[in-house]
Amino acid sequence: MDLDTYRRLRTEARRHARRAQDADDLVQDALLIALERDVDHPGVEHPDVEHPDAEHPGTEHPSSDDPAWLIGVIRHRAAMDARTAIRR
């Protein structure tokens, strides 16, 4: 991953986080999910991450190094974190 991609991910994370450190956590979580996905299922979509085109079988699965896929992970993770915070 190049520096521009990392900055893009962090910018997206800042849109969804109240604090800079929370944005850093979101980026790190997304990168960890991508790494785990590649280790557990190389070339196959991670079973815990729903494919946006799940209703269209036979479509290409996004690569975990695709910035758009990582941004989606950040958005979903931020939403889960927000729901968890509301329950506290």
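Reply: In this predicted model, buried residues make up 27% of the 88 residues in the protein.

Me: What makes A13 buried or exposed?

Reply: The relative accessibility of A13 is 0%. Buried means under 20%, so A13 counts as buried. A13 is found in helix α1.

Me: Why is T11 called partly exposed?

Reply: T11 is found in helix α1, and its relative accessibility is 42%. Exposed requires over 50% and buried requires under 20%; T11 lies in between and therefore counts as partly exposed.

Me: How do you know what A13 touches, beyond its neighbours in sequence?

Reply: A contact requires heavy atoms within 4.5 Å. With residues up to four places away in sequence left out, A13 touches A23, L26, V27 and I74. For A23, the C-alpha atoms can also be compared: A13 and A23 are 10 residues apart along the chain, and these atoms are separated by 4.8 Å. T11 and A23, for their part, are 12 residues apart in sequence and 8.3 Å apart in space, C-alpha to C-alpha.

Me: What makes a group of residues the largest nonpolar core here, and which members touch the most others?

Reply: Membership requires buried residues of the nonpolar core types, joined through side-chain atoms within 4.5 Å. The largest such core has 14 residues, of which L9, A13, L26, L70 and I74 touch the most other members. Two or more residues come from each of α1 (3-16), α2 and α3, and α3 gives the most, with 6 residues. As a general matter, nonpolar side chains in soluble globular proteins tend to be buried together.

Me: How do you know which pattern the protein follows along the sequence?

Reply: The secondary structure comes to 3 helices and 0 strands. Read along the sequence, the pattern is α-α-α.

Me: What lines the second largest pocket, and how do its residues divide by type?

Reply: The lining consists of H16, A17, R18, D22, D25, L26, D29, A78, D81, A82, A85 and R88. The lining accordingly divides into 5 nonpolar, 1 polar and 6 charged residues. At least two lining residues are supplied by each of α2 (20-40) and α3 (67-87). The space in this pocket is about 350 Å³.

Me: What share of the contacts joins residues 24 or more positions apart?

Reply: Among contacts with a separation of 6 or more, 51% are between residues 24 or more positions apart.

Me: How many Å² does the accessible surface come to, and what share belongs to carbon and sulfur atoms?

Reply: The accessible surface comes to about 6400 Å², and carbon and sulfur atoms account for 50% of it.

Technical notes: Residues numbered from 1 in each chain as written. Predicted model: local features only at pLDDT ≥ 70, side-chain atom pairs only at ≥ 80, totals over all residues. Heavy atoms only, no water. 1 Å grid on protein atoms, 1.4 Å probe; cavity = no way out; pocket = protein on both sides within 12 Å on 5 of 7 lines; lining within 4 Å. Points joined across faces, edges and corners; volume = space filled by probe spheres on them. Helix = DSSP H or I, 4+ residues; strand = E, 2+ residues; numbered from the N terminus. Nonpolar A, V, L, I, M, F, W, Y, C, P; charged D, E, K, R; others polar. Buried < 20%, exposed > 50% of the residue type's maximum accessible area, 1.4 Å probe, protein only. Areas by Shrake-Rupley, 256 points an atom, 1.4 Å probe, with all protein chains shown as cover.
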